Amino acid sequence: MTRDIIPQKLASLHSAEEQLRQKASNMIADDARLQLHLAVTEAAMDLADMLRQFNSNDEDLKVAVVLGMRTFNAFAASIKLTLAGYHQNSALILRDVMETVFLLDLFAGDPSLIERWRFADKKARMKDFSPLKVREALDARDGFTSKKRFEMYELFSELAGHPNMKSSWMMRPQKDGDAVIGPFMEATSLEAVISEMGRLAVQVGEQLDRFFPADWGIPSRVAFAHLKQGWLNRFYPTAASEP
């Protein structure tokens, strides 16, 4: 006989989470957009796993591998949380994905920075590679002045990362209703998290692909490219048609 060591109320909470997961699955089954977001997320995770399998003694490449593994774990946890009804906590993990993909982007554009990052002490890391410094470096490199990277980071921070009045918005099943304790499933919250997940997954896959050896992981890279194009065609048709 298996001894039940989980306290009763925690076991009941888990049962409710599983019921919400089924409800979320039914909602996703009726929404092709959410299915596409999850499909491109799965493809980006597959890229992270494929890059992990490449055997290399290149310490700089190993950094990209570990960062890719970090995104894999973060996506997996974020999916599990939002399907269980913990949308705010899921979004908090997506902020970690955002920081990681910005760092991958910086390293892919200037691989010499990887070694500096590897050997930096805390003071040097915060001076040169804090989330703020990474965003500023990317904006300067790309000639961006609109600070969209900052705006997205700030949005994740306010809604999910830091306790404040706005953070309670993601604890409300209804926009004008009261915050609730515990998990809940509601279409707007589920869509908000999964759509941001898909957007980040496209970026993660793009950056991880830049670290692949030319002849490695071709099936996974082709599968991601196909889903990415379908995602762009669906959500950013103008950008997808530009040369």
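Student: Is Glu196 buried, partly exposed or exposed?
Tutor: Glu196 is partly exposed, with a relative accessible area of 22%. Buried means under 20% relative accessible area, exposed means over 50%, and partly exposed is in between (1.4 Å probe, protein chains only). Those areas come from the Shrake-Rupley method with a 1.4 Å probe, and for residues only the protein chains shown count as cover.

Student: Where do these values come from?
Tutor: This is a predicted model, where local features need pLDDT of at least 70 and side-chain atom pairs count only at pLDDT 80 or more, while totals for chains, interfaces and linings use all residues. Residues are numbered from 1 along each chain as its sequence is written, and side-chain values use heavy atoms, leaving out hydrogens and water.

Student: OK, which residue forms a salt bridge with Glu196?
Tutor: That's Arg199, with the closest N and O atoms 2.7 Å apart. A salt bridge here is a side-chain nitrogen of Lys or Arg within 4 Å of a carboxyl oxygen of Asp or Glu. Arg199 counts as buried, at 18% relative accessibility.

Student: How many residues apart are Arg199 and Glu196?
Tutor: They are 3 residues apart in helix 9, so about one helical turn separates them. An α-helix has 3.6 residues a turn, so residues three or four places apart point the same way. Helices (H or I, at least four residues) and strands (E, at least two) are DSSP runs, numbered from the N terminus.

Student: How many salt bridges does the structure hold?
Tutor: It holds 14. Asp105, Arg141, Asp142 and Arg210 are linked in a network of them.

Student: What about Arg33, which side chain meets it at 3.0 Å?
Tutor: Glu191 does, in a salt bridge (N to O). Arg33 lies in helix 2 and Glu191 in helix 9, so the pair ties together parts that are 158 residues apart in sequence. Arg33 counts as partly exposed at 30% relative accessibility, and Glu191 counts as partly exposed at 30% too. Arg33 also forms a salt bridge with Asp31, where the closest N and O atoms are 2.8 Å apart. Asp31 is buried, with a relative accessible area of 14%.

Student: Switching topic: where is His37, and is His37 buried or exposed?
Tutor: His37 is in helix 2, and it counts as buried at 4% relative accessibility.

Student: What does it touch?
Tutor: Leaving aside residues up to four places away in sequence, His37 touches Ile194, Ser195, Gly198, Trp231 and Phe235. Contact means heavy atoms within 4.5 Å.

Student: Which residues of helix 1 are buried?
Tutor: Glu17, Leu20, Ala24 and Ile28. Seen down the axis of helix 1, they fall within an arc of 80°, so they line one face. What covers them includes helix 2 (32-52), helix 3 (59-83) and helix 9 (187-209). Gln8, Gln19 and Ala29 are exposed on the other side of helix 1.

Student: Which residues make the nonpolar surface patch?
Tutor: Ile5, Ile6, Leu10 and Leu13 make that patch, about 370 Å². Patches are made of residues with over 30% relative accessible area and no salt bridge, joining like charges within 9 Å and nonpolar side chains (Val, Leu, Ile, Met, Phe, Trp, Tyr) within 5 Å. Leu13 sits in helix 1 (residues 8-29) and is partly exposed, with a relative accessible area of 32%.

Student: Last one: how many helices and strands are there in the protein?
Tutor: There are 11 helices and 0 strands. Of the 243 residues, 40% count as buried.

How values were computed. The arc is that of the directions from the helix axis to the C-beta atoms.
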